[in-house]
Amino acid sequence: MDLVRELEQMTRSRGEWLKGSGPESDIVISSRIRLARNLASYPFMSRATEADRQRIQETLKEAILASPDASQCIYIDLEQLDLLDRQLLVERQLISRELAEGKGPRSVVIDRAERFSLMINEEDHLRMTAMASGLNLEEVWQRGNQWDDWIEQKVVYAFDEKLGFLTACPTNVGTGIRVSVMLHLPALVLTRQIEKIFRSLQKLDLAVRGLHGEGSQATGDFYQISNQATLGLSEQEIMKRLGDIIPVIIDYERKARELLVRENPQNLHDRISRAFGILRTAQTISSEETMHLLSSVRMGVHLGLIHEIGIPKVNELFLQTQPAHLQKIAGAELDSTDRDIERARFLRRCLNKEEGAESSQGPSSSG
Amino acid sequence: MKCQRCEKPATFHITELTGGKPVELHLCEDHAREYLTQAGNEPASAGSMAALLAQQMAKQLALGQTADELAELDQQVCPYCGITFYDFRHQGRLGCPYDYVFFEKELHPLLLNIHGELQHTGKRPTHPAELSRRHTELIRYRRQLQEAIQEEHYELASRLRDKIREIEEST
């Protein structure tokens with residue numbers, strides 16, 4: 001299948017990390033593990049020439065496509081991809097903004113199920129990410145680790161006896177690992193407990209970021225929690241530290257939801273129903289408002305207050321109402337005003353059609 | 001000496017070079033942290049938090065150094081990739097694996113600050129670290145080869161080519 005059709009098909013699917021399945025998936029959207037690696041024989045990106053980048057790309061591409069899983073791989077040359085398609089990959093969290101907006105030879109290898117993404121010539125020569133829906137750190141570690149083993153058979157990584165894997169930024173040296181879990185925490189936001197939780201996480205040396213990783217805002221009540229330190233602890237220890245704290249946050253969110261239901265059920269039901277009402281009837285709507293309202297709807301589905309739609313569909317809408325997805329689906333490039341109109345039209349079409357269709361869907365361990 | 005912002009003893013001596021003229025600050029630990037966090041709030045050119053963090057941390061390297069010492073340090077050039085310490089401080093990114101050796105003295109306190117540890121205990125590649133070090137030498141030889149060709153030192157260029165081939169084939 002050619003790349004255009006691959007991307008076309010991708011736009012209309014929800015991908016692995018938004019499947020809405022897996023352990024604790026009412027609150028945990030996805031689990032990800034990223035490994036940063038560099039080839040020993042080339043400068044890091046800031047000092048790499050165009051020719052170096054080309055050779056790094058060829059070496060890594062060859063190593064990746066010689067792996068046992070090569071048949072699942074789609075190789076995408078970012079230099080050949082237009083802006084909209086690059087944005088599409090950012091929205092799907094398959095590539096970083098840095099890779100999308102970068103210059104020179106750079107590429108990504110993904111699989112059709114969107115369970116891994118191998119970025120070439122990003123901040124480091126190679127950044128391997130494995131992802132899964134729900135809380136599933138062990139599974140993503142196995143997959144990421146396997147890719148690391150396969151590629152390492154073909155190349156020589158920059159590695160030091162004392163400092164471990166050497167990376168362009170000293171914040172990633174050692175294991176080069178970033179373990180992260182994306183959580184949906186609307187009740188903690190609503191009950192104003194979120195700041196307190198973040199402060200305690202920071203004391204535990206964990207970072208909190210928004211939906212699109214580094215430097216992004218937390219929209220739609222989505223937060224990514226990840227490790228800071230990468231040196232001195234083993235990968236297992238880093239995973240355990242995060243793995244130990246996530247259930248505590250999940251528990252807080254569940255308790256906050258219970259509190260909302262107990263204290264003022266009318267108010268909560270009203271808020272959620274209104275959110276759903278606006279999404280089904282609006283004539284123009286921004287991306288931010290959509291995220292905000294979908295967040296309420298998502299919680300409403302889990303609390304059993306909305307029956308007309310299931311979690312997989314809600315997750316899909318989070319993705320498909322983002323600018324690049326919307327334009328791909330509409331089949332035209334749209335400015336911001338037209339996008340808001342198109343987004344509202346798209347939501348009306350999806351949500352009114354969905355009525356009664358997916359009522360039995362969704363795990364409801366929270367409600 | 002007292003902290004310039006409170007009554008506690010000043011344990012951090014910071015030389016700020018961003019405003020043209022060096023400004024010396026003497027702060028207690030709490031105020032130094034506050035100052036360095038604020039100083040890092042300017043938008044990072046690379047736009048990532050990692051770069052921001054590295055910038056902040058890089059600024060901490062200035063602790064306890066005079067403006068002259070820092071200026072001298074800034075001019076140090078890695079013989080492999082050609083990055084200066086100044087470049088690193090400003091980009092928050094290193095230029096090649098050898099920088100971890102060349103700037104070891106400056107980087108170790110920084111790494112300790114970020115990670116709290118200096119000894120890797122996680123996964124290791126199957127190839128020995130020695131092979132990795134040998135391969136990193138290629139960065140220097142390739143650069144020297146370019147220079148030799150430009151300066152028409154063909155004999156040197158030929159020797160460098162042999163060296164490069166030898167390392168490449170040793171994999």
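I looked up the domains of chain B first: domain 1 spans 1–74, domain 2 spans 75–115 and domain 3 spans 129–170, with bounds from an automatic or database domain assignment. The model is predicted; local features need pLDDT of at least 70, side-chain atom pairs count only at pLDDT 80 or more, and totals for chains, interfaces and linings use all residues. Residues are numbered from 1 along each chain as its sequence is written, chains are lettered from A in the order in which they are written, and side-chain values use heavy atoms, without hydrogens and water.

**Domain 2 against domain 3, chain B**

I found eight residues of domain 2 in contact with five of domain 3 (heavy atoms within 4.5 Å). The buried area is about 530 Å², 64% of it from carbon and sulfur atoms (accessible area lost on being put together, 1.4 Å probe, summed over both parts). On the domain 2 side, B:P79, B:Y80 and B:P97 lose the most area, together 77% of what that side buries. I got zero salt bridges here (Lys or Arg side-chain nitrogen within 4 Å of an Asp or Glu carboxyl oxygen).

**Chain B against chain A**

I then turned to the chains. Here 44 residues of chain B are in contact with 47 of chain A. They bury about 3,900 Å², and carbon and sulfur atoms give 57%. I count five salt bridges. One I checked joins A:D148 and B:K123, with the closest N and O atoms 2.7 Å apart.

Note on methods. Buried area is the accessible area (1.4 Å probe) that two parts lose on being put together, summed over both.
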